[in-house]
Amino acid sequence: MTAATTPSIDLDRERASLERAWANGRGLLAWLSVTTHQAIGMRYIVTAFLFLLAGGVEALLMRLQLARPDNTLLTADKYNQIFTVHGSTMMFLFAVPMMEGMGVYLVPLMLGTRNVAFPRLNAFGYWMYVIGGLFLYWGLFTNTGPDVGWFAYTPLSGPQFSPGKRVDVWAQMITFTEISAMCVAAELAATILKMRAPGMSLNRIPLFCWGMLVQSFMVLFAMPAVMVASNIFLLTDRTIGTHFSNPAEGGDPLLYQHVFWFFGHPEVYIIFIPALGMVSAIVDTNTRRAIFGYPAMVLSLVATAFIGFGLWVHHMFATGLPQIGEAYFTAASMMIAIASGVQIFCWLATMWTGRIRWTAAMHFVAGFVFIFVLGGLTGVMLAAIPLDLQVHDTFFVVAHFHYVLIGGALFPLFGGFHHWFGKFTGRLIDERLGKLTFWVLFIGFNLTFFPMHILGLRGMTRRIYTYPSEMQWGGANALATAGALVILLGGILFLVNVFTSRRNGEMAGPNPWDSGTLEWATASPPQNFNFLLLPAVTGRYPLWTSFKERIAVTGLRNDRREVLVTTLMDAEPHHRYVLPRSSIWPFVTAVLITIGLIGSVFQFQWYYPGIALATIGFLGWFWPRAQEAEP
Amino acid sequence: MTPPRSIDVADLPPFAVSSEAPLWWGQLFLTFVEATMFAILIAMYFYIRLSMDVWPPPGIQMPPEVLPAIALVLLIASCYGSYRASEAAKRDDRWGMIEGLALNLGLAIPAVVLRAFSWHDWNFKWTSTAYGSVTWGILFLHTLDLGADLAFTLVLLIIVALVRSGPRQRLGVHVDSIVWYFLVAIWIPLYVTVYWGPHLVGAPQ
């Protein structure tokens, strides 16, 4: 990679040409045809946020029901549906798509390219996700909401004990969201490996992109398991009479648990690893130094991903598996604390030696460290089989995984919202209100979930819709419900901040925090083509070098959606590559596939017209267009 | 403001029909998904085996030997067609692509037909015990994948032969060969599991 003196370029002409090539058009049809990553990423983020609100309302309903003994706000049946939809929403419709959305929005910017590698696949994945989410809520509002827990264990979820269509709705919602997650994983991994700015060798990739890369590989290897579990196991057992989980015919309900948790445990890291990347991005910007121990950070992410696939049995300690096997999973569960611990120490070292600027985002990072460490400690406790057997299926476990997931994913995510809000909207979010939001959420969170540890130790099992007053669980439950209301207040503060700042906030400019990575090298919000001239880099923090040392890429055609493909390891320029324009076919294909998938919930034979229709969709998608100018 | 120095990429080729193309990687990643799915199915097969005394269960015939073996040979041979098409795509040889894709289809379609034939006189369905469920599960999913890729290959053949054989289509042909190699390669352990499993890990009826 040798750079020469930049020839004189007519930037205005360049811009006008790029604007034409990347224009999304107006009208409903154009809106449905959008394939630019900022638009799709923002749609993911907004949609996932709406599902977070829905899941939050469900959580509040549960907390209100449990606020006092013998409460009758919800019936047992409604309560079952609500906790199942709450868990499924938070895992499948909020957490994973939200992380994917942040990745879809930020990764191409951080890598210095114009879009993801497969823009139409990106749009297709989004539509599948939306349809799957709406399908689940259609179920809930028509009293067909799943009621067997977010992991739908057989035999409870099997045909014998769960007649009706509730479980099928859950199982097929999984199919939609998993297809979506796999689309994003494949496209982000290909983008990160092949479309980086020249000079961005593997050891210069921003840590958030490393996180998304590792997460993408985890999605590729973990999500097939849940599709096997929900689609091959559950749906076929329920609709066409297979016997995968029927012990009378040689099947085994425990096998379902194995397959489900082979997905379910990595799922936690699929949510959590992108959040770690956000923490790194916030910490290096706000300590104004390069992250401490970059190689150790990357290796820990990779190690976490590998070990994450060897933990699933710790969800099944109470099923009577052979002890030697359980001992292995105990050891692995404790080992993963090492990989997480290395990262925590790297961040602490970065903060210790840097000059900390206490922005709202940094507050959320500090909150993350506090809460996540507590969740990690109860995780090490739960890895010990004797303790796990005592508190299995109690509120202790509920407390643990909310500490890990809210602490480990939601706090960094809110930190990320505050950090990148200026990039997303062009205006900065109000810092004082942001810090207030943090404190309200932090206090509300601990008030809600800390008492649950004690409730669990006192024997309160999860998923009970009420309890008698003699159990003496009323006080701690009332406290937890009060905490939930504080969290609600925090949520309202955040929304108020978002809406007022979007309108009246201070203009952000390209790089309000003086960050070092490439997403800050362009306008806020970025235009559809991201960069007027694609950047090349010579270090991990290209914006922390002096302007004299900056390098641009010239010679790409700007009358079509052309990007640069670079080599895998060293990101040497290799060839140019034309990305497709807007297309309605991803949307049409998603709708056509939906006919088969939703139909099959009611009658398996719907798969056949579904396959035929999907073929039509893909034909339209792949058929050569005259408008796609060939090189 | 323009950065003082720059790299000019105008001379780089405007496309690549090779493993440097992002699409090649995307396709590779989707085979990871399929590979994991099939690996889980194989694990399920042997897991279910452990919970049954007799394998296959009483009343269920052993899987046939001759037709599936011939079909396997045909499938492996069909990779040569994919290989020829993919090599032709790299050097922009339209006729080579047409020949290769046609050879691929000509060998693979009979393999699928033979497979369907060999099922014809099986005396069990997916509803006949968990053995039937897992055996049919593997066969159904792999055949669905084969069918989908054959349909895609056919569409590619029609496009290349009648509509256009530009860089996008050539990359499509090249990447299609990856999928096909994968589907044939993964069939070998699946074939061993489904057709030899009852012999290897079976117990007398």
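1. Two residues are in contact if their C-beta atoms, placed from the backbone, lie within 7 Å. On that basis, 59 residues of chain A and 48 residues of chain B make up the contact between the chains.

2. The model is predicted, and local features need pLDDT of at least 70, side-chain atom pairs count only at pLDDT 80 or more, and totals for chains, interfaces and linings use all residues. Residues are numbered from 1 along each chain as its sequence is written, while chains are lettered from A and ligands numbered from 1 in the order in which they are written.

3. Helices (H or I, at least four residues) and strands (E, at least two) are DSSP runs, numbered from the N terminus. On the side of chain B that touches chain A, β1 (5-8), α1 (22-50), α4 (129-163) and α5 (167-200) each supply at least two residues. The largest share, 14 residues, comes from α1(B).

4. A pairing of strands (at least two DSSP bridges between them) also joins the chains: β3 of chain A (residues 551-554) and β1(B) pair in the parallel sense over four bridges. Here B:Arg5 in β1(B) stands opposite A:Ile551.

5. Chain A has 17 helices and five strands. Its radius of gyration, taken over C-alpha atoms, is 25 Å, close to the 25 Å that the globule rule (2.2 Å times the number of residues to the power 0.38) gives for 631 residues, so chain A is as compact as a globular protein of that length.

6. In chain A, residues 24 or more positions apart account for 80% of the contacts with a separation of 6 or more.
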